[in-house]
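This report looks at how two protein chains meet in a predicted model. The structure comes first, and the contacts between the chains follow.

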Amino acid sequence: MLIPTACNECYHSYNTLTLLKAPSACRRKPHPTASVLYERKLRFPAFCFPTISTGFERRPKPNTLPEVQEGLQLPRVRPQHQRRLGHRRRRGRGLFGRRPSVVPAPPAAACSPAPSAGLLGRPRRPRRAADGRRRALPKPEGGRDLAKIDSRPTNGRVVKSCSEAQLSTAKVRTPIQKQQSLPIRPIVPLVARISDQNASGAPPMTVREKSRLDKFRQLLASPNTDLDELRKLSWSGIPREMRPITWRLLSGYLPANMERRDLVLKRKRDEYFGFIEQYYHSRTDENHRDTYRQIHIDIPRTNPLIPLFQQPLVQEVFERILFIWAIRHPASGYVQGINDLVTPFFVVFLSEFVEEDVENFEMAGLPLECQRNIEADSFWCMSKLLDGIQDNYTFAQPGIQIKVKALEELVSRIDEDVHSHFQRYEVEYLQFAFRWMNNLLMRELPLRCTIRLWDTYQAEAEGFSHFHLYVCAAFLIEWRKEILSMVDFQGLLMLQNLPTIHWGNEEVGLLLAEAYRLKYMFADAPNHYRR
Amino acid sequence: MEAIWIYQFRLIVIGDSTVGKSCLLRRFTEGKFTDISDPTVGVDFFARLVEIEPGKRIKLQLWDTAGQERFRSITRSYYRNSVGGLLVFDLTNRRSFEHLKDWLEEAKMHVQPFQIVFLLVGHKCDLIQLRQVSREEAEKVALAFGMKYIETSAKDTVNVEESFTVLTRDIYERVKRGEISIQEDWEGVKSGFVPNVVHSSEEAVKPGRRCPC
């Protein structure tokens with residue numbers, strides 16, 4: 001479905017492919033110069049085009065618009081990135097897949113609480129929607145804050161979207177009422193249910209999830225798995241029971257052809273244990289001693305709070321995997337952080353044999369054959385992952401340096417307030433984002449969230465190496481309010497200890513949706529919103 | 001209300017992997033100790049106020065660096081903006097003691113054109129049985145390096161406060177004597193929020209106010 005819409009920046013019309021996705025960025029060439037755009041923004045600050053627009057609503061051309069009176073309170077739309085996930089969730093927009101397929105484009109002014117919202121002859125937002133929005137806020141302070149931000153005089157910035165307001169006016173909220181009744185979240189223990197699912201205590205399987213599971217089953221039952229289809233399906237999360245096989249397939253470890261699978265698996269597993277036989281004894285050699293020593297002291301420190309990883313048997317598995325990988329990749333060798341990356345694979349492949357409570361499972365109770373298979377599969381899948389991001393760990397870690405720079409550049413375009421706030425207090429991106437890149441956000445999120453995140457990373461073409469950048473940007477903007485309330489450099493402490501302990505699938509889903517939107521809008525548009 | 005301090009010092013904590021840098025800092029800033037913690041990746045930040053004289057507080061910005069070699073390219077950029085450092089080794093690990101010289105050279109190379117005041121810290125002094133470095137030996141090395149030496153234990157809270165205050169006081173004295181001065185584009189020492197009264201008395205001893213000719 002082609003939807004005409006307009007560039008937020010130059011107001012040039014273009015088509016988006018589907019309503020379900022964020023609009024692609026404007027590719028108008030040449031793009032109007034910054035000064036022209038800036039002038040337009042100053043003159044017509046009320047120009048706030050929705051992300052999703054039918055393109056048919058009356059929109060005056062800039063040069064036909066009456067002069068904006070000075071001192072007039074102009075409506076301001078809260079940009080997408082100023083909104084917290086929490087608010088969005090309660091308004092019922094989960095992943096973008098849940099967006100209603102037809103959304104009447106609301107007037108731009110509809111998002112503004114100011115009574116002068118009738119500017120440009122557009123109707124005011126219905127009262128009911130406004131109340132609903134207030135009620136939906138978790139805390140009264142949040143409400144005040146929202147009002148404060150909304151009613152702030154427009155500073156000349158063009159805001160990007162008011163698609164959320166569309167949702168509050170559109171009559172699409174009924175099917176998702178369930179989510180609105182979750183203001184108090186149950187407290188989730190630190191390591192609860194690491195391998196799955198909703199932290200909110202939602203019922204284990206809804207009709208939608210059931211049908212997804214069936215789709216997975218169908219897809220995986222065919223003699224030649226359609227990997228593109230599988231990627232599409234996996235993007236929004238893989239059901240727990242389908243995850244081990246899907247991960248093996250998506251990482252490129254397992255062939256799509258079913259007949260070949262057993263053979264390949266056997267060959268690969270034998271190959272891994274061949275490595276062990278051949279090289280593992282060299283850990284005491286002069287040139288490998290330091291590598292092994294470092295791994296050996298890091299393993300007990302990997303996931304220290306989860307009992308599973310304190311079992312000697314499990315720690316030995318990790319040591320072997322990491323040591324073999326390290327000596328086979330001398331350009332990077334073992335770098336702290338890589339130890340974390342084994343964990344999700346190990347847990348997912350182990351979960352094939354464990355019904356509940358993976359974190360307390362006794363590995364020794366498992367048949368030796370299964371133990372060996374888990375170990376070999378974890379090794380190969382981790383190797384595949386690292387192949388794509390090896391420059392993160394080579395000398396001077398160029399991959400990370402580049403990505404942190406890219407993050408900085410991206411944030412300066414998507415959220416100038418946050419960016420300039422960091423500059424003001426001399427917080428450097430490298431100071432907090434280095435770890436985000438080096439450990440793929442594993443230190444910032446509970447393990448269950450990392451596993452869900454990796455469903456998508458493996459479904460994306462360059463998930464770990466490229467899409468991760470947009471996830472980091474979305475993750476940073478998620479803490480926008482906290483960042484902007486920083487009063488000095490010490491705000492960095494907050495960024496080092498983000499409160500994500502209660503996060504589950506819902507939060508990660510929203511994070512990914514936002515990351516997708518950012519990627520869609522900015523990845524191929526290096527000049528979009530450049531200042 | 002924002003606490004008032006006269007100076008802000010930026011300190012860096014360096015040393016081999018698993019000598020206990022993060023534990024030392026966590027004990028000092030949060031009063032907590034955990035037996036096992038994740039290895040530090042890149043650089044972590046901590047902060048605390050210390051009172052060196054009644055009414056005179058100094059804010060410490062503390063940078064906890066990763067010990068692993070591969071992270072040097074990241075950690076070395078922090079030397080330049082530090083005025084002081086804790087050079088930590090593990091009393092139960094001879095190798096970490098032998099590497100001290102490398103650490104010092106690394107620091108000296110990257111701190112230019114500024115200088116950095118170091119304190120040598122022998123950590124994990126609670127593990128008497130496992131000790132591999134004697135006090136005398138460590139003191140001799142400290143003397144050769146031209147720095148003070150202290151033995152600490154984050155587990156038993158031995159000398160944790162002292163190590164940081166000794167270093168802070170050392171730097172403070174040098175600032176007072178004018179050996180270290182506040183400079184633009186340098187984060188090592190900054191003058192802080194001072195009420196006017198205190199400020200004027202500080203003004204007299206404030207270094208770097210020399211005749212411009």
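## A salt bridge across the interface

In this predicted model, the side chains of A:Glu426 and B:Lys190 come together in a salt bridge, with an N to O distance of 3.4 Å. Between chain B and chain A the count is five salt bridges, and across the same interface 13 residue pairs are found in polar contact, both residues of each pair being at pLDDT 80 or more.

## The side of chain B that touches chain A

Strand 2 of chain B makes the largest contribution, with five residues. Sorted by class, this side of chain B has eleven nonpolar, eight polar and nine charged residues.

## Extent of the interface

In all, 28 residues of chain B are in contact with 37 residues of chain A. The area buried between the two chains is about 2700 Å², and carbon and sulfur atoms give 52% of that area. Within chain B, the residues that lose the most area to chain A are B:Pro39, B:Phe45 and B:Arg70, which together account for 24% of what that side buries.

## An annotated region of chain A

An unreviewed UniProt entry places the feature "domain: Rab-GAP TBC" at residues 237–461 of chain A.

How values were computed. Residues numbered from 1 in each chain as written. Chains lettered and ligands numbered in written order. Predicted model: local features only at pLDDT ≥ 70, side-chain atom pairs only at ≥ 80, totals over all residues. Heavy atoms only, no water. Contact = heavy atoms within 4.5 Å. Buried area = accessible area lost by both parts, 1.4 Å probe. Salt bridge = Lys/Arg side-chain N within 4 Å of Asp/Glu carboxyl O. Polar contact = N/O pair within 3.5 Å; in protein donor to acceptor, adjacent residues only side chain to side chain. Helix = DSSP H or I, 4+ residues; strand = E, 2+ residues; numbered from the N terminus. Nonpolar A, V, L, I, M, F, W, Y, C, P; charged D, E, K, R; others polar. UniProt positions renumbered as here; feature names shortened; annotations may be inferred.
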